[in-house]
Amino acid sequence: MDHATHNRALLSVQNVSLSFGGTTALNDVRFDVRAGEILALIGPNGAGKTSMLNCLNGFYRPDTGRILFDGHDLTRLPRHRIAQLGISRTFQNIALYTGLSTLDNLLAARHIHMRAGLLDCLLYWGRAHREDLVHRQIVEDIIDFLEMEHIRKAIVGALPHGLRKRVELGRALALEPRLLLLDEPMTGMNQEEKEDMARFILDIHERQKMTVLLVEHDMGLVMDIAERVVVLDFGLLIAAGAPDEIRHNPAVINAYLGEVA
Amino acid sequence: MDAADTLPKSLIAARRQFGDHRIAMRQKDKGIWRAYTWQQSCDQVRRLALGLIRLGLQRGDKACIIGDNDPQYFWAQIAIQAAGGVAVGIFTDSTPPEIQYIVQHANAVLVFAKDQEQCDKFLSIRDQVPDVRRVIYWDDKGLWNYTDAWLMSFQAVQADGQALDAEQPDLFDRSASEGRGDDLAIFCYTSGTTGLPKGVMISHANLLAGCDQTAQIDPRRETDEYLSFLPPAWITENVLGLAYHLRTGMIVNFPEAPETVQEDIRELAPHALLFSARLWENLVALVQVRMAESSRLNRLLYRLFMPVGYRVSALRFEQRRPVGLLWRLLQALGEFALFRPLRDKLGLTQVRSAYSSGAALNPDVIRFFRAIDVNIKQLYGSTEAQVHTLHIGDDVKFETVGVPPPGMQIQIVEDGEIWVSGATLFQGYYKDAEATAKALVTDAQGRRWFRTGDAGTLDADGHLIYLDRVKEMIALAGGEKYSPQYIEGRLKFSPYIRDVMTVGGTDMAFVTALINIDFNNVGRWAEKRGLAYTTFVDLSQKAEVYALIHHEVEQVNRTLPPAARVRRFVLLHKEFDADEGELTRTRKLRRGLLGERYRDMIAAMYGGGDAVRVRAAVKYRDGREGVVETMVRVATVG
């Protein structure tokens with residue numbers, strides 16, 4: 001995809017700082033996520049990656065700075081409003097309804113798009129019924145897309161980790177977001193599962209022109225699928241650019257190697 | 001048009017008979033079964049066949065198909081044949097070098113490859129298969145951004161076909177009517193337990209004869225349900241699935257995904273089912289393991305009524321004696337409390353014809369299913385001659401594989417080899433006159449026989465008892481012969497044993513076994529006992545696991561004559577793996593290779609040592625290779 005198509009910033013993080021007591025989690029961070037790109041946010045443990053995501057979807061409120069999403073300032077909006085604006089996410093530690101089936105987890109995510117009132121639903125006729133069909137169709141498309149037919153009716157709590165991660169991605173998609181936030185979608189997976197997940201992310205990106213912000217630990221995979229990379233270290237943004245530039249950036253090498261050594 | 005002596009003509013005849021008022025096929029898509037009528041199915045084939053003609057497919061040309069069981073697979077096959085071509089099926093899990101061999105050997109000019117995964121394989125061998133003009137895919141997922149003009153969508157081919165149809169409306173019928181019964185219809189590349197795969201040439205007449213012979217004794221109706229899940233590259237699916245479908249109007253259903261087959265079977269409750277012997281065995285193991293974990297009430301019902309089922313079916317089938325009133329009453333209760341729910345769980349509520357093939361089926365498995373009122377029949381055949389024998393009606397004997405269907409003849413020649421003859425005999429191996437001459441012989445009366453390479457005997461009722469491959473029957477040092485298959489089948493009935501290879505021979509005094517534990521079931525067993533383990537290697541070498549398997553081996557030994565008993569065994573540190581060439585794609589053991597590979601272990605079993613050090617090269621799923629070094633114990637049985 002050429003650069004002209006996604007020059008416009010869909011999400012703009014402007015001078016965001018966040019601290020917990022004396023600890024600075026984010027320090028004057030600024031970067032843009034351009035419409036239609038896959039941007040990876042990487043950094044060593046404790047660099048502030050998840051804190052950043054938490055600011056984006058309203059779990060945390062930044063102390064200073066602004067986050068603009070398509071012209072809306074997110075910093076003061078309640079979480080459900082942010083979801084309605086079109087930002088959905090997956091979590092590093094999977095957060096699903098473990099007692100429900102895959103299908104029900106995905107349908108639950110359709111909640112924000114449901115319009116039928118209580119009376120409609122009680123009668124289950126006309127609007128509620130029509131709506132149900134539409135939601136089911138959308139959810140079934142996602143099940144097909146993510147190859148989850150065989151676990152459609154399986155209880156999520158009983159699924160292996162790799163599949164639960166996939167269900168979570170499915171739920172994020174069921175919100176029909178414009179920006180997808182993925183918090184370490186590949187942790188705890190074996191190589192085959194990682195490759196599957198990478199393929200799904202690329203497919204979503206290609207097919208739906210989805211803008212993706214990806215937080216990930218696995219450097220190899222990040223470099224393979226991201227178009228641009230932003231690097232955080234101790235709450236500071238230390239580099240931003242194409243994967244190749246990042247790979248050879250001395251500050252990044254130092255941050256990562258410093259951690260390993 | 002003349003009599004329907006080819007598959008495409010059969011489709012056209014069925015379309016004329018059933019038109020838009022009968023369902024031909026269904027596929028589960030997005031959770032809903034979507035139906036195609038015979039008219040729609042035929043229209044699909046028509047557009048596709050004309051599209052292939054436009055792509056330059058000539059009469060006699062070969063075209064390969066690789067993909068899962070989908071309507072598109074069947075349509076592609078009939079369309080290739082309607083255009084006068086030969087369809088060559090390839091197993092979906094074939095590697096690019098395997099695919100390359102078949103495409104080159106068959107001189108294929110067109111290829112159907114279902115999806116991104118299969119198209120990628122072709123892109124990786126593109127330079128080696130210059131004769132392939134187009135790769136046609138029918139699932140575009142992930143292929144949206146592929147711009148290579150070598151790839152073409154199913155719909156695009158059909159659109160070209162439609163345009164051609166508008167120009168020449170009689171072309172399809174003309175092309176289909178040019179086909180003759182003795183034209184080649186398909187090549188089936190044999191899984192090849194030895195050497196390179198061979199292309200078995202099969203004519204339309206062969207396929208239709210195979211269907212008609214079996215249909216005489218096991219008829220189907222146009223309302224019968226069938227689920228297509230056997231590999232479509234395999235002869236069996238071509239006869240019992242496609243040919244039966246076109247010939248009898250039976251409805252063919254396609255699973256949503258390969259992983260959902262079990263669920264789809266349950267939803268559909270097909271009238272006819274063919275599982276490999278292994279699959280039936282796995283089902284029994286599954287029931288047993290699930291039962292062990294089930295509620296107390298369920299376990300109680302199972303313990304209470306299974307003996308009733310066993311007793312009643314033994315009276316009925318084995319002793320052929322009338323069943324007393326009390327037992328009939330208990331049986332009726334069991335039907336309500338256990339048998340019917342169990343059949344429902346397994347998708348067997350409507351099944352009329354339940355077949356097993358691929359290997360000798362363990363009597364215990366047959367007894368189990370009879371107890372829940374499913375009469376499994378054995379079916380024995382080959383790619384080269386289709387169905388050789390099968391059980392007909394209630395005439396089912398455990399130890400046999402049945403009798404030849406009408407039209408087939410069998411004979412046992414002096415060295416014990418089974419020869420078969422009939423209208424289903426194949427036309428030869430493609431480009432291999434030498435192998436063809438070896439396999440096909442004509443007797444003094446001018447009758448053609450296929451030498452199966454299998455060993456067997458006929459019993460007093462004319463039932464065939466299948467022993468093993470002729471070259472696999474093994475004589476021990478004492479002169480007694482034993483059938484490795486039999487012992488292995490018995491051992492594999494244990495839920496804790498996944499695979500076994502027995503070892504013996506004229507230079508060996510007794511039988512030994514290489515055993516693969518079933519990682520899931522043994523793992524669960526270990527967890528229940530608080531037995532900690534890390535990997536397959538670790539679990540397989542636990543003393544407790546050895547004791548568990550030791551007990552299983554003793555159980556089986558009790559049913560064998562002393563000379564044929566397993567005296568020593570090892571639990572392998574890894575599973576047999578098709579990717580490493582240890583098993584064929586249909587999961588048959590490659591004994592020669594295994595014997596070579598595990599030579600040290602076999603030597604240790606006969607040498608009397610208690611353990612052997614192994615260094616085994618392993619290939620990980622991500623393609624890396626490594627070496628595992630461990631001690632493997634050798635156990636001695638009483």
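**Sheets, helices and the A–B contact**

Over all chains, the structure holds 47 salt bridges. The model is a predicted one, and what follows goes through it one chain at a time before turning to the place where the chains meet.

One of those salt bridges sits inside chain B, where the side chains of Asp165(B) and Arg46(B) come together with N and O 2.9 Å apart. This pair ties together distant parts of the chain: Asp165(B) belongs to helix 6 (residues 154–167) of chain B and Arg46(B) to helix 2 (residues 38–54) of chain B, with 119 residues separating the two.

Chain B also carries an open sheet of seven strands, ordered 7-6-5-3-4-8-9, with mixed pairing. Its edges are strand 7 (151–153) and strand 9 (199–203) of chain B; each has a single partner strand, so one side of each has no neighbour in the sheet. On average, and ignoring direction, neighbouring strands here are turned by 25 degrees against each other. Within this sheet, strand 5 (residues 108–113) and strand 6 (residues 134–137) of chain B run parallel and are paired over three bridges. Phe112(B) is one residue to look at, as its bridge partner in strand 6 of chain B is Ile136(B). Helix 3 (residues 71–82) of chain B lies across strand 3 (62–66), strand 4 (86–90), strand 5 and strand 8 (184–189) of chain B. The helix runs at about 150 degrees to strand 4 of chain B.

Then there is the hairpin. Strand 1 (residues 23–29) and strand 2 (residues 32–37) of chain B are antiparallel and joined by six bridges, and Asp29(B) stands opposite Ile32(B) in strand 2 of chain B. Two residues lie between the strands, and Lys30(B), in the turn, has a positive phi of about 50 degrees. Lys30(B) comes up again at the interface, being one of the three residues that supply 45% of the area chain B buries against chain A.

Chain A has an open sheet of its own, with six strands in the order 6-7-8-3-9-10 and mixed pairing. Here strand 6 (87–90) and strand 10 (236–241) of chain A are at the edges; with a single partner strand each, they therefore have one side left without a neighbour in the sheet. Strand 9 (residues 228–233) and strand 10 of chain A run antiparallel and are held by five bridges, with Val229(A) partnered by Gly241(A) in strand 10 of chain A. Helix 1 (residues 49–56) of chain A packs on the sheet and touches strand 3 (38–42), strand 6, strand 7 (179–183), strand 8 (211–215) and strand 9 of chain A. Its direction makes about 150 degrees with that of strand 7 of chain A. Helix 7 (residues 191–208) of chain A lies across strand 3, strand 7 and strand 8 of chain A, at about 140 degrees to strand 3 of chain A.

As for the contact between the chains, 16 residues of chain B and 16 residues of chain A take part. Together the two chains bury about 1400 Å², 48% of it on carbon and sulfur atoms. On the chain B side, Lys30(B), Lys141(B) and Trp144(B) supply 45% of the area buried against chain A, more than any other three residues. Three salt bridges are counted between chain B and chain A. Arg152(A) forms a salt bridge with Glu256(B), with the closest N and O atoms 2.5 Å apart. Four residue pairs are in polar contact across the interface. The side of chain B that touches chain A is made up of nine charged, five polar and two nonpolar residues.

Terms used
Residues numbered from 1 in each chain as written. Chains lettered and ligands numbered in written order. Predicted model: local features only at pLDDT ≥ 70, side-chain atom pairs only at ≥ 80, totals over all residues. Heavy atoms only, no water. Pairing = 2+ DSSP bridges. Helix = DSSP H or I, 4+ residues; strand = E, 2+ residues; numbered from the N terminus. Contact = heavy atoms within 4.5 Å. Axes fitted to C-alpha atoms, helices over the stretch in contact; angles between N-to-C directions. Buried area = accessible area lost by both parts, 1.4 Å probe. Salt bridge = Lys/Arg side-chain N within 4 Å of Asp/Glu carboxyl O. Polar contact = N/O pair within 3.5 Å; in protein donor to acceptor, adjacent residues only side chain to side chain. Nonpolar A, V, L, I, M, F, W, Y, C, P; charged D, E, K, R; others polar.
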